[in-house]
Amino acid sequence: MINKYKLADYPQIKIVLNHDLFLSLECFRHHAKISCLQHTLEVAELTFKITRRLGLDYVSATRGALLHDFYLYDWHKDSPGLHGFKHPAIALRNAKQVFDLNPVEENAILRHMWPLTPLPPRYPESVIVSLADKTVSIRDYGYIFLKHPAFSMS
Ligand SMILES: [Fe+2]
Ligand SMILES: [Fe+2]
């Protein structure tokens, strides 16, 4: 899936995609059986597609999308509490320890949970990351509910 839009052709995106700590997101559950890695790749792919179409800084937007949930724990078991509110700042702190981030990338990570968190995204690119995250998450939860035995037609 990630090769569909050839994200790895872009060196600044490839740096994130190939990093061991980024790949460790596969170990953390995000929604149901969906890993944080799968979730972030899907958010990044959608972000890339939209921001490139709009003529925005799609490389920064995609890097921000890849790192927006870089909090590195299973929030079902190991959350520090108030995960929804706290994880953007945790993800940003972790990401800054590993990658050189520009202001667009930092803002995309820090503000992606708006309006749950009070301050809105500052840049068009970070708005798109926030919308892409919600789009992918809603689709994931829809899939989970449709797969639930209570919704089974058989
Ligand atoms: Fe998040
Ligand atoms: Fe997310």
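Q: Where is Phe 48 found in this predicted model, and how many C-beta neighbours does Phe 48 have inside 10 Å?
A: In this predicted model, Phe 48 is found in helix H3, which covers residues 36–53. Arg 63 lies 15 residues from Phe 48 along the chain, and the C-alpha atoms of the two are separated by 9.2 Å. Because a residue is buried when 20 or more other C-beta atoms lie within 10 Å of its own, Phe 48 counts as buried, the number of its C-beta neighbours inside 10 Å being 26.

Q: In what order do the elements of the protein run from the N terminus on?
A: The protein has seven helices and two strands. Read from the N terminus on, these elements run α-α-β-β-α-α-α-α-α.

Q: Is Val 136 buried or exposed?
A: Val 136 is found in helix H7, residues 124–147, and, leaving aside neighbours within four places in sequence, Val 136 is in contact with His 39, Glu 42, Val 43 and Leu 46. Leu 46 is 90 residues from Val 136 in sequence, yet the two are 8.4 Å apart in space, C-alpha to C-alpha. Since 24 other C-beta atoms lie within 10 Å of Val 136 and the cut-off is 20 or more, Val 136 is buried.

Q: Which residues of the largest nonpolar core touch the most other members?
A: Nonpolar side chains tend to be buried together in soluble globular proteins. Of the residues of this protein, 154 in number, 37% count as buried, and the largest nonpolar core has 32 residues. Helices H1 (11–17), H3, H4, H5, H6 and H7 each supply at least two residues of this core. The members that touch the most others are Ala 44, Ala 61, Ala 65, Leu 67, Ala 91, Ile 109 and Ala 132.

Q: Which residues does Leu 67 touch, not counting residues up to four places away in sequence?
A: Leu 67 is one of the core residues that touch the most other members. Once residues up to four places away in sequence are not counted, the residues that Leu 67 touches are Val 16, Ala 91, Ala 95 and Ile 109.

Q: At what angle do the axes of helix H5 and helix H6 cross?
A: Two packed helices are described by the angle between their axes and the distance between the axes. Helix H5 (residues 83–98) contributes Pro 88, Ala 89, Ala 91, Leu 92 and Ala 95 to the contact, and helix H6 (residues 103–110) contributes Glu 106, Ile 109 and Leu 110. By class, this contact has seven nonpolar, no polar and one charged residues. The axes come within 8 Å and cross at roughly 145°.

Q: Which residues does the cis peptide bond with omega of about 15° join?
A: Most peptide bonds are trans. Pro 115, whose place is in the loop between H6 and H7, takes part in a cis peptide bond with omega of about 15°. The residues joined by this bond are Trp 114 and Pro 115.

Q: Is Leu 82 buried or exposed, given that its phi is near 50°?
A: Most residues other than glycine have a negative phi. Leu 72, in the loop between helix H4 (58–67) and H5, has a positive phi of about 65° and counts as partly exposed, with 18 C-beta neighbours inside 10 Å. The place of Leu 82 is also in the loop between H4 and H5, and its phi is a positive value near 50°. Because 8 other C-beta atoms lie within 10 Å of Leu 82 and a residue with 12 or fewer is exposed, Leu 82 is exposed.

Key. Residues are numbered from 1 along each chain as its sequence is written. Chains are lettered from A and ligands numbered from 1 in the order in which they are written. This is a predicted model: local features need pLDDT of at least 70, side-chain atom pairs count only at pLDDT 80 or more; totals for chains, interfaces and linings use all residues. Axes are lines fitted to C-alpha atoms, for helices over the stretch in contact, and angles run from 0 to 180 degrees between N-to-C directions. Helices (H or I, at least four residues) and strands (E, at least two) are DSSP runs, numbered from the N terminus. Two residues are in contact if their C-beta atoms, placed from the backbone, lie within 7 Å. Ala, Val, Leu, Ile, Met, Phe, Trp, Tyr, Cys and Pro count as nonpolar, Asp, Glu, Lys and Arg as charged, and the others, Gly among them, as polar. A nonpolar core is a set of buried Ala, Val, Leu, Ile, Met, Phe, Trp, Tyr and Cys residues joined through C-beta atoms within 7 Å.
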